[in-house]
Amino acid sequence: EHRVLSGMQPSADSLHLGNYVGALLHWVKAQDTYDAFFFIPDLHGITVPHEPEELRTRTRNTAAQYIAGGIDVERSTLFVQSHVPEHAQLAWVLTCITGMGEASRMTQFKDKSAKQGADHAGVGLLTYPMLMAADILLYQPDGVPVGEDQKQHVELARNLAQRFNHRFGETFRVPEPFIPEIGARVYDLQQPTAKMSKSAESPNGLLNIMDTDKKIAKKIKSAVTDDGTEIRFDPETKPGVSNLLSIFSAVTDRSVETLEAEYAGSMYGHLKVDLAEAVVAAVGPVRDRALELLDDPAQLDALLATGAAKARATAAPVLAEVYRKVGFLPAS
Ligand code: TYM
């Protein structure tokens, strides 16, 4: 059976609309055709300074949002990265076949380390993509459904898989990035040329799926639009309106062309009112269900424990093969 794997960092109390539209929506659909593995990369969550108690809470909250968004733990494997020690173990091996140059060329490393000041940034930011490659390669997936910003990391995972196979013999499947046509890059509502991210300059630019309906509607209504009045998809000259149309398309499963035709001659305000309604209809129930799930943390933790056991059953033999191939003496 064909397989996919993906994850989102537990770095905020809520996933944002970019995570939802660029990733989670596609994960949910992928479950119909793929054997799917979804996890919460908490090891990645300590590559920047963090609060331990907050990380614990956010890891569980993220799991609740996955399930509320439609990840079905009966069909798919849902787990926490640190529960499966093979991730860190394989990451070390991959780190040792990665060049300093290729690691330091990763754009996310350059951005994040620049933000912290080159000398203060932890080495974990540099080795982050090798850990991500380990996350992926341990499960031999065909595809990795991610937004556009993670493409470079998936490319690195492909290169490392090929390099390992070449040096030590055929071991890893070389995965493809699965990037959606619509919504692979959701932009900040206040600054529609910057991607939506939790480090948004203005809180109004960032739409969290755990926001109240009222807040969601307010943020969409105050979204920056463009000069002129025409509702047309043209990211070059109309980044604001184009972003709204992409989001609208992604959450309603209607094409951008259909929406353009429907809103031809309408005012921006009209589009925003309808979009706010569509986004609330899509993510409101996800938020409410996530809150319900969080009422019973013990039950969530039990689901995650079951998921970790399933994940390990897949990951452990792959790691064992890697250990043997690189020449580690068997422990028994
Ligand atoms: P993260 O946590 O930054 O983002 C999670 C997912 O959301 C997508 N995404 C977006 N899509 C569209 N528009 C946006 N503005 C937007 N912002 C984020 C991301 O592309 C991603 O799919 N390194 C990864 C986590 C990770 C991972 C993995 C992913 C760790 N190991 C293995 C896949 C496979 C990350 O930080 O994503």
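**Ground rules.** I number residues from 1 along each chain as its sequence is written, and my side-chain values use heavy atoms, with hydrogens and water left out. As the model is predicted, local features need pLDDT of at least 70 and side-chain atom pairs count only at pLDDT 80 or more, while totals for chains, interfaces and linings use all residues.

**Confidence.** I looked up pLDDT (the predictor's confidence in each residue, from 0 to 100) and found a mean of 97, with 100% of residues at 70 or more. The scores I noted are ipTM 0.99 and pTM 0.97.

**Overall form.** I wrote down twelve helices and five strands; these are DSSP runs, with helices (H or I) of at least four residues and strands (E) of at least two, numbered from the N terminus. The C-alpha atoms fill a box of roughly 70 × 45 × 40 Å along the principal axes.

**Burial.** I call a residue buried under 20% relative accessible area, exposed over 50% and partly exposed in between (1.4 Å probe, protein chains only). By that rule, 51% of the 332 residues count as buried.

**Phe38.** I then turned to Phe38, which sits in strand β2 (residues 35-40). Phe38 is buried, its relative accessible area being 0%. Which residues does Phe38 contact, leaving aside neighbours within four places in sequence? With contact meaning heavy atoms within 4.5 Å, I list Val4, Ser6, Trp27, Gln31, Tyr66, Ile71, Ser76, Thr77, Leu78 and Phe79. I also checked His26, twelve residues from Phe38 along the chain: their C-alpha atoms are 12 Å apart.
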